[in-house]
Amino acid sequence: MLKLAYGLSFAELYERDGLVKLDAAFLDHLGAAESALRPQLEAARATASLDPKAESALIIEIAPHLDDFLAELFGIQAEFRALAARHNELAPLYEVKRQFVQRRAANKVKPEEAAKLDGPALEAELKKNHLDGRFDELTFAKKVTHWLAHEAEHAVPLDLAQKYSAWALHTPAGREQVKAGVLFKAPAKTDPQNLLVHAQKSDREGVVTYTIRPEHIRRRKGFVLTDPGTDLVGALDQANYCIWCHTQSKDSCSKGLKEKPSAEAPGKVAFKKSPFGVTLAGCPLEEKISEFHTLKAQGNALSALAVIVIDNPMAAATGHRICNDCMKSCIFQKQEPVNIPQIETRTLKDVLELPWGFEIYSLLTRWNPLNFRRPLPLPATGYKVLIAGMGPAGFTLAHYLMNEGHAVAGIDGLKIEPVPARFSGIKGDGGRVPLEPVRDLQALYESLDDRVMAGFGGVAEYGITVRWDKNFLKLVRLLLERRAQFAMYGGVRFGGTVTVEDAFDLGFDHVALCMGAGKPTVLDIPNGLARGVRAASDFLMALQLTGAAKADSIAKMPCCRDRRGRRAPEVGRPGARNRRGVPRARARGPRGKGARRAGRPRREDRRTPSALGRRHHRLPAATRRQSVLHAQPRGSRESARGRHRLLRRPVARRGGR
């Protein structure tokens with residue numbers, strides 16, 4: 001059971017008065033730890049415009065004290081110290097990589113000399129005589145650090161280490177040997193005209209094709225995640241690769257790569273463009289990237305997340321596969337940029353994996369002492385806002401509106417599945433119940449192959465398949481749904497169930513349209529919409545709404561199996577033959593002879609949702625649950641009129657359900 005320090009209850013963390021009490025406790029903690037910092041923080045909060053360099057410096061000074069305060073608040077001092085120790089233990093890797101491997105070995109041993117070296121023999125000698133019988137990157141880095149401190153006494157092992165490093169850096173065999181690590185790697189040069197570095201080219205009968213190299217193929221099955229992201233070693237490698245240029249105001253990843261001001265318009269800001277004409281304006285949120293890299297590299301894991309949340313409170317929704325505008329504007333324009341999204345996601349995961357990690361992240365979106373402009377939500381304003389669309393734009397706007405003191409009701413045209421009441425605080429009838437703190441994040445997670453589309457998240461739910469962990473959507477939803485100022489309804493279409501006039505009649509002061517762009521992008525190429533070609537957005541929504549990619553779904557893709565349950569893709573495969581040894585046709589039209597064998601669905605699989613109900617009792621249990629979901633109308637249990645009545649109730653209660 002969660003027992004908070006400073007005399008606070010868990011419920012108070014979701015009330016403004018409780019957050020005011022919490023903030024006062026932090027100011028006392030800060031003043032006791034370093035008396036000069038408290039007046040500086042209070043002055044920064046009172047200043048309308050703070051110098052960016054001074055703001056960054058103050059954030060980094062206060063950050064370690066915020067780490068200590070949060071660890072004490074949630075009673076996780078031991079776990080936090082262990083996480084910080086893991087960060088510090090890895091530090092020799094990055095120091096040796098920069099100072100010894102890249103600057104010394106790479107320059108002193110030329111590629112021609114490295115090609116003549118016997119890398120495996122060097123490794124064996126180092127392992128046997130100098131590395132205590134083990135050879136791994138961290139052991140190597142720690143030993144080299146010790147040898148460099150007493151270089152005259154360790155000239156022989158340093159020479160071996162230098163030669164091995166050069167072999168690993170300069171030769172194909174060496175790079176293959178160390179490809180799983182980070183120590184013996186240098187940033188690769190980038191060529192804008194040759195970006196398909198993992199592709200192989202082939203010319204067959206005059207037709208040029210490009211295919212990805214086999215070692216870079218990610219096999220997928222259903223909706224299982226194919227890219228889990230980097231680990232702590234990889235994230236700290238990238239954080240140390242960053243040169244932390246906020247101290248010189250050169251953090252272009254955050255503020256954009258700017259052209260030099262012209263003499264005619266010295267005050268005009270113009271951004272540089274990439275070789276492809278893309279404006280390099282940096283992070284759309286102007287996130288304090290260099291600052292959080294600094295803190296992450298120093299082992300301040302909690303405050304590093306707090307710095308991210310200042311400008312990007314919905315960090316769980318951005319992720320390492322969603323946005324990379326910051327990377328495009330990285331100061332490294334002629335070599336691989338810093339992989340900022342990977343560091344950001346790892347920073348979030350490291351906190352989430354702590355006991356009460358989700359509660360820490362959730363708290364920082366409402367109370368963040370490193371956010372000098374809005375450390376606390378404002379008092380209630382009395383304004384009520386209706387947000388149409390619960391996609392990324394809608395749920396992000398809802399967060400900011402609530403922190404400004406407004407009450408928010410969110411609607412979405414798709415059905416929104418409920419989250420267990422103990423986590424969301426919302427019962428089936430819309431009433432509120434006490435929240436249960438989440439100690440272990442796995443209590444919220446589901447298998448991505450088995451989870452039912454929850455409806456919340458818009459394009460983040462229906463437009464993404466295996467590149468991003470959709471369990472993060474549940475975290476984002478709980479950030480909003482647990483707050484008393486927020487109510488959400490699925491199956492309510494703006495312009496149909498609720499019109500603009502209805503919204504104002506119901507007492508809303510403002511209406512925000514966050515319904516996305518339904519019009520697909522059509523490529524201006526010949527036959528771009530030929531028969532059989534579908535827009536990606538339309539295809540992905542149909543695929544995921546029906547569950548067609550799941551093995552136990554009755555709506556699964558008909559091309560996956562034939563009527564006898566056999567795999568059908570080999571029909572039409574070059575070289576495939578029938579039982580008489582006659583080559584099969586490489587491609588048949590959907591109405592051609594043999595279409596049934598090629599995977600055309602059986603008659604009963606093409607029935608309408610009403611027909612599904614007639615044979616529902618004959619289906620396996622797992623499939624029966626799926627068919628119930630897809631046989632229902634897109635609204636919820638209530639009719640449109642009943643939902644309209646339901647929507648009327650919370651307005652008078654200011655944000656209830």
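Biologist: Is F276 buried or exposed?
Modeller: This is a predicted model, and in it F276 is exposed, because its relative accessible area is 52% and the cut-off for exposed is over 50%.

Biologist: Where is F276 found?
Modeller: F276 lies in the loop between helix 12 (252–255) and helix 13 (289–297).

Biologist: And which residues form a nonpolar patch with F276 on the surface?
Modeller: L195 and V278 do; together with F276 they have about 300 Å² of accessible area.

Biologist: Switching to rings: how many aromatic pairs turn up in the whole structure?
Modeller: The search finds 14. One of them is F26 with F69: the ring centres are 5.3 Å apart and the planes are at 75°, so this pair counts as edge-to-face.

Biologist: Which parts of the chain does that pair link?
Modeller: Distant ones: F26 belongs to helix 1 (residues 16–33) and F69 to helix 3 (residues 52–73), 43 residues apart. F26 and F69 are both buried.

Biologist: Why is the pair W468 and F472 called tilted?
Modeller: Their planes are at 55°, with the ring centres 6.5 Å apart.

Biologist: Which residues form an aromatic cluster?
Modeller: F135, F140, Y164, W167 and F184 form one.

Biologist: Last one: what sits over the ring of Y14?
Modeller: That's the charged end of R366, 3.8 Å from the ring centre.

Conventions
Residues numbered from 1 in each chain as written. Predicted model: local features only at pLDDT ≥ 70, side-chain atom pairs only at ≥ 80, totals over all residues. Heavy atoms only, no water. Patch = residues over 30% accessible without salt bridge, like charges linked within 9 Å, V, L, I, M, F, W, Y side chains within 5 Å. Areas by Shrake-Rupley, 256 points an atom, 1.4 Å probe, with all protein chains shown as cover. Salt bridge = Lys/Arg side-chain N within 4 Å of Asp/Glu carboxyl O. Helix = DSSP H or I, 4+ residues; strand = E, 2+ residues; numbered from the N terminus. Buried < 20%, exposed > 50% of the residue type's maximum accessible area, 1.4 Å probe, protein only. Phe/Tyr/Trp six-rings, centres within 6.5 Å; stacked < 30°, edge-to-face > 60°. Lys NZ or Arg CZ within 6 Å of the ring centre and 35° of its normal.
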